[in-house]
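Here is a friendly walk through the model shown below. Have the chains open as you read.

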Amino acid sequence: MNEKKLQAKDFITIGIFTALLFVVEFACGMLGFIHPYIVASYVVMIPIVGSIPMMLFYTKIEKFGMLSIMSVLLAIIMFVTGMGYLGAPLIIASGVIADLIARSGEYKSFKKTVISYGVFCLWICANYFPVVITADSYRKNLIDGGYTAEYCDNLFRAINSKTIAVLLVLCFVFGCVGALIGKAIVRKHFEKAGIV
Amino acid sequence: MSVKLDPRTKLYMIFVVSAVVMMSATTPFLWAVRITMTMIPILLLIMEKHYAAAFRFLILYAAALIVTFRFLSESSKGFLAAFLVGYCSIIVQFMPAMITAWYVVRTTKIGEFVCAMQKMHIPDGITISLAVVMRFFPTIKEEYTSIRDAMKMRGIMLGGGNAAGIIEYRMIPLLFSCVNIGDELSAAAVTRGLGGKVKRTSVQELKMSVADYLLMLLFTAALGVFVVFKYIK
Amino acid sequence: MMQTIAQINNVTHRYKGAAENSLDGVSLTIQKGETILLCGASGSGKTSVIRLLNGLIPHYYHGDMTGDVTVKGLDIAKTQLYELAGIVGTVFQNPRSQFFSVDTDGEIVFGPENIGLAPDEIKARKEAIAKQMNLDKLLGRSLFALSGGEKQRIACASVAALLPEIILLDEPSSNLDMQAISMLHDIIRGWKKQGKTIIISEHRLWYLKDIADRVIYMDKGRIAREWRGKEFAELSEVETRQLGLRPTSINEHYLALLSDKDDVKFKQEQFFDGIMLKDFYFSYHHKPYLLRRKQFSVADGDALSLCIPELILPKGKVTAVIGSNGTGKSTFLRCICGLEKDCTGVIVANGKEYKKRQRIGFSYMVMQDVNHQLFTDSVEKEVLLSMKEKDVNRCHEILDTLGLLGYKDTHPMALSGGQKQRVAIASAIAAGAELLLFDEPTSGLDYAHMKKVGELLRQLAEAGSTVLVSTHDPEFIEQCCDHTLRIKNGRAVSFEAWNDQDRNSIR
């Protein structure tokens, strides 16, 4: 059964892990309601917590397309849950590129997996797109409306179109760190239990 | 009375609302359009008998609107005020998208959704995966509830003296369960013909009704208004 | 005129990574319209035979295989799984994991949609099946809101909607109560009447004795014995026991005990040494409240999901909690061990009162799915996690008594189901729990494993723990329980002593 095409079983695996990853994202997202600053820390939390299911997912990938489809699904879910569609190109691009990187290591090379996951994590930045895009006009509105400039700066210091580059880099870095942690946990549990 | 909307209309609604929340309303007219757009999903929720949710959204949205417009416009200083403004403006800005999404997620059956995707010529692989995602959310919830119970019984809700344990003890049993369920689910699905070469059919019948066209028209108009104001005027 | 519909020809199979063969030279010819029961211990190869016939071996579960299998003239090795979908249908063991949709309608039409039937044809089939199997009440509902028995009925309907000629059932009754089993029995009999070929792998044999035409006994991957259905039904309990099988018939007494009989007036026996449960009231529906959540009390009457004013459990004994599914057994156990924090109720034992959170320390529940309560990466750490003061010696002592010392460095998830259960028990003991609760510990176990669990519970009771076990398993109750407590609608309706004399007298 070494066909190149994805089988029904692969699609089900993709579905399961996408659901798990989204639950992680959602749980972390909930924390964002506490204060806007926490929203910025998504780039640390989601890559690291998400690495546990994702590293398990990587052990199940043998064929091209699984990561790409996962990113498409994430984009669809983000869209349907009202979190905007402007990030979709970023999500899908990072998924496909991550898939290509992992494929160049035939889905076995650990180094490639780390980089691939780092790239995949860039999708998290799609969460910021609506805010970044609305931010400028929004800030103007707020100040026109009489809000203190101090508050506005507070709100947008963490997230604006300049820092988005920094956030992307952070996503990648913490993605790689997360991959190492996730892999250690997969070894500690799933390999020891003989599941993978 | 209940209006059965086509999932494609609902997706279009989300599309428009998500676009509009990213453009700020600068004139009273735009505010009126925006508020009308928010009221439509609330009205639809009421028609579908989701009274509690509709009521909650309505109150929250109205409260946020009032706070932003009335009380915090002139001399809002200090941490608390800033905090409150932050919340309320975020709610006013993004709430319409949340309400619409909530309405769509609550009132669309997965079968309908998958069928709509098929009609839009999205490949089977993606629709299958997406159906699994939908089926797995409640499963994850069930499994997680049991795991949390087990953690309570062990007294390790906070990781049992091990900070990483807070995440590890939740995640590990959850992953083991999900992988097992996934294996059994795949076996059961392939023996019922999933993954065959024939094109899947669907018993769902999707038809655009007058209400669908009407809503699409309305939302397109609203989108038009915002685009004109933002880019042309 | 008999007509062969499926044939297994000298098949030997070993799963990838396994040390032993799962099947060892198995040959079997199946006639059209036959009903075959496969029995034998866990790991004897029953499930593998089922997987040969539905093609999961070799297409889904990889491994080394010799020999060939033909079903309706198709060579399985060369046939894709989806081509078999309209010919062979399979009902699996676990009702939780085998459905694909979230609603019942979607699940029934799932198969026909996959093979690309026309929508009108699918609808007609769905209606016919729903009528045939009496599913009207279940249509249009969320699968997540159904009981195990209802889910299993939908699984049967979903398989039947593909109109397969051969239907395979892999331990379908494992998670079902008496009522659901009798419903399953009716479904299988209906299929038999329609002339379907049916192959069932099962541990519980009594409900199938009037259905099976042929019974095949598997042992270590071989077909060891074969009976005609009638011959098998007449096997004595001694004979079945020697084969390590569960009995072929159940004493009427148990059937009456486990099915919903008339209410007996509840009478509490007094025990010299007991654990008293006082004022356990609970409902899943919260009371409306303004400022302070009101506590449940006996005055809430019918609104209560659990209403036990006073109950004394005999200390150092095993008490079976019985009653059909959805009648409050699980709620009862959850309330005792403090998982439902809104439940009022005090446990009085050793002259001390345990309230609210303290109940968690006093009692411990071994869940039906033990996988949910194993957290660490070795058996030893798992037990130490339960101890407030980590005491490695004590930990080894506990593991030793449970026969787990040899596995102390193994990952708990790498163990067998029975061993996992014992790890969970070890953590309970390490936590110092005096009241041990078990939720359906024997569902899906074969005779030997069931007996082992029974012995273990007796051993725990003799060591001074009080054991409360919810179960549908009559053979298990007979084996190890001292008392039976019946729960109905969240009320304790009877409490009976169950000693050896009674056991002998009803034989």
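In chain B, 74% of the contacts with a separation of 6 or more join residues 24 or more positions apart (a contact means C-beta atoms, placed from the backbone, within 7 Å). This is a predicted model, where local features need pLDDT of at least 70, side-chain atom pairs count only at pLDDT 80 or more, and totals for chains, interfaces and linings use all residues. Residues are numbered from 1 along each chain as its sequence is written, while chains are lettered from A and ligands numbered from 1 in the order in which they are written.

Chain B has eight helices and zero strands (DSSP runs of H or I, at least four residues, and of E, at least two, numbered from the N terminus). Buried residues, with 20 or more other C-beta atoms within 10 Å of their own C-beta, make up 43% of its 233 residues.

| Helix | Residues |
|---|---|
| α5(A) | 88–104 |
| α6(A) | 110–120 |

Their axes, lines fitted to C-alpha atoms over the stretch in contact, come within 8 Å and cross at roughly 175 degrees. Therefore α5(A) is roughly antiparallel to α6(A) (an angle over 145 degrees between N-to-C directions, on a scale from 0 to 180). Among the residues that meet are A:Ile97 and A:Ile101 in α5(A), and A:Ile115 and A:Val119 in α6(A).

In chain C, helix α8 (residues 178–193) has 16 residues and reaches 23 Å from its first C-alpha to its last. Its buried residues include C:Leu184 and C:Trp191. After α8(C) comes C:Gly195, with a positive phi near 85 degrees.

Key
Buried ≥ 20, exposed ≤ 12 C-beta atoms within 10 Å, placed from the backbone. Contact = placed C-beta atoms within 7 Å. Expected span 1.5 Å × (residues − 1). Parallel < 35°, antiparallel > 145°, perpendicular 65-115°, else oblique.
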